[in-house]
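Please keep the sequence and the 3D view at hand while reading.

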2 protein chains.
Amino acid sequence: MRHEALRHEHCAIARSLSVLGERWTFVVLRQAFMGARRFEDYQLGTGIARNILTDRLRSLVGENILERRPYAEHAARTLYQYRLTEKGLELYPILLTLMKWGNRHGGFEQGPPVRLVHKTCGAETEPRFVCTNCNEDIDPREVTPVTAEPAAAS
Amino acid sequence: MRHEALRHEHCAIARSLSVLGERWTFVVLRQAFMGARRFEDYQLGTGIARNILTDRLRSLVGENILERRPYAEHAARTLYQYRLTEKGLELYPILLTLMKWGNRHGGFEQGPPVRLVHKTCGAETEPRFVCTNCNEDIDPREVTPVTAEPAAAS
């Protein structure tokens, strides 16, 4: 994996990127969240070359982000589908924040390509990021990062 | 830029990644949000090779994510600092979601490397992602993506 160097950083952002940072990986994940299951769904939805797509799907299965399950048997071979695991589903906020920023700064003169409807309440939604404690919007100027103390030698 | 192919996708996630997807770009942005200003702050904070760092800073200035401002004049040269623009500050939710997922899945046996304190309320916070309309947490199974109609020919 070309992002291997990031995996050993003592930084959660770097470690996420070591898993997710290959080109096209987020586009493959987008298709998973849009409902893709079979290899052909991913291929049609992304237009990625088949060998690259094969590699990305395999990596994501290896990271336990996608699960590979048989869904049909043909005379000659078994067909598989690729579904998000719980760990994969937890990537959703990352995809949404990338989407929100891209909607705003991606040069879409005709408006966002995709809108989100929250089934629970029926409204079109553009998710907000709020503090777990006070429910106010999170502003970077109002957050202090505190670096954890190194663990004491035992 | 190696992620150029993503720039022309009709997808906000892909367009965000076309700007942000180079290796180390998020690590540079992390330093900016941690308070880095001068080249040396970024270099010490990331350990990135100087030529790569120079390239990433230049790209981010070119995208109007960082602003380059003179802060001192020496006999021989002007020194610059690199600060987040408003467009750059809007990347904060992306960094936080990458951090949150990495904290959980990055293999940090001693706990998260960085914790966040919300100055507004004084509490340690792990931001939540909520619907703009109903304020409930956003679950991917409860969101329907609606693809925009292509614009009518005029």
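The copies meet through the same surface, because 100% of the interface residues of chain B are also interface residues in chain A. The model is a predicted one.

**The contact between the chains**

- Chain A gives 68 residues to the contact, and chain B gives 68 residues.
- On the side of chain B that touches chain A, the elements giving two or more residues are α1, α2, α5 (86-89), α6, β3 (114-118), β5 (128-130) and β6 (143-147) of chain B.
- The element that gives the most to this side is α6(B), with 13 residues.
- By residue class, this side of chain B divides into 38 nonpolar, 18 polar and 12 charged residues.
- Strand β6 of chain A (residues 143-147) runs antiparallel to β3(B), and five bridges join the two strands.
- V143(A) has H118(B) as its bridge partner in β3(B).

**The nonpolar core**

- The largest nonpolar core has 60 residues, and those with the most contacts inside it are I13, L95 and L98 of chain A and I13, L95 and L98 of chain B.
- From chain A, the elements that give two or more residues to this core are α1 (12-20), α2 (25-33), α4 (50-62) and α6 (92-105).
- From chain B, the corresponding list is α1 (12-20), α2 (25-33), β2 (78-84) and α6 (92-105).
- Domain 1 (1-90) and domain 2 (91-105 + 113-139) of chain A both give residues to this core, so the core lies between them.

- I94(A) is placed in helix α6 of chain A.
- I94(A) counts as buried because it has 24 C-beta neighbours inside 10 Å, where the cut-off is 20 or more.
- Although I94(A) and F26(A) are 68 residues apart along the chain, their C-alpha atoms are separated by 9.5 Å.
- Apart from its neighbours within four places in sequence, I94(A) is in contact with I94(B), T97(B), L98(B) and W101(B).
- With neighbours within four places in sequence again left aside, L98(A) is in contact with F26(A), and also with I13(B), S16(B), L17(B) and I94(B).

How values were computed:
Residues are numbered from 1 along each chain as its sequence is written. Chains are lettered from A and ligands numbered from 1 in the order in which they are written. This is a predicted model: local features need pLDDT of at least 70, side-chain atom pairs count only at pLDDT 80 or more; totals for chains, interfaces and linings use all residues. A nonpolar core is a set of buried Ala, Val, Leu, Ile, Met, Phe, Trp, Tyr and Cys residues joined through C-beta atoms within 7 Å. A residue is buried if 20 or more other C-beta atoms lie within 10 Å of its own, exposed if 12 or fewer, and partly exposed in between; C-beta atoms are placed from the backbone. Helices (H or I, at least four residues) and strands (E, at least two) are DSSP runs, numbered from the N terminus. Domain bounds come from an automatic or database domain assignment. Two residues are in contact if their C-beta atoms, placed from the backbone, lie within 7 Å. Ala, Val, Leu, Ile, Met, Phe, Trp, Tyr, Cys and Pro count as nonpolar, Asp, Glu, Lys and Arg as charged, and the others, Gly among them, as polar. Two strands pair if DSSP finds at least two bridges between them.
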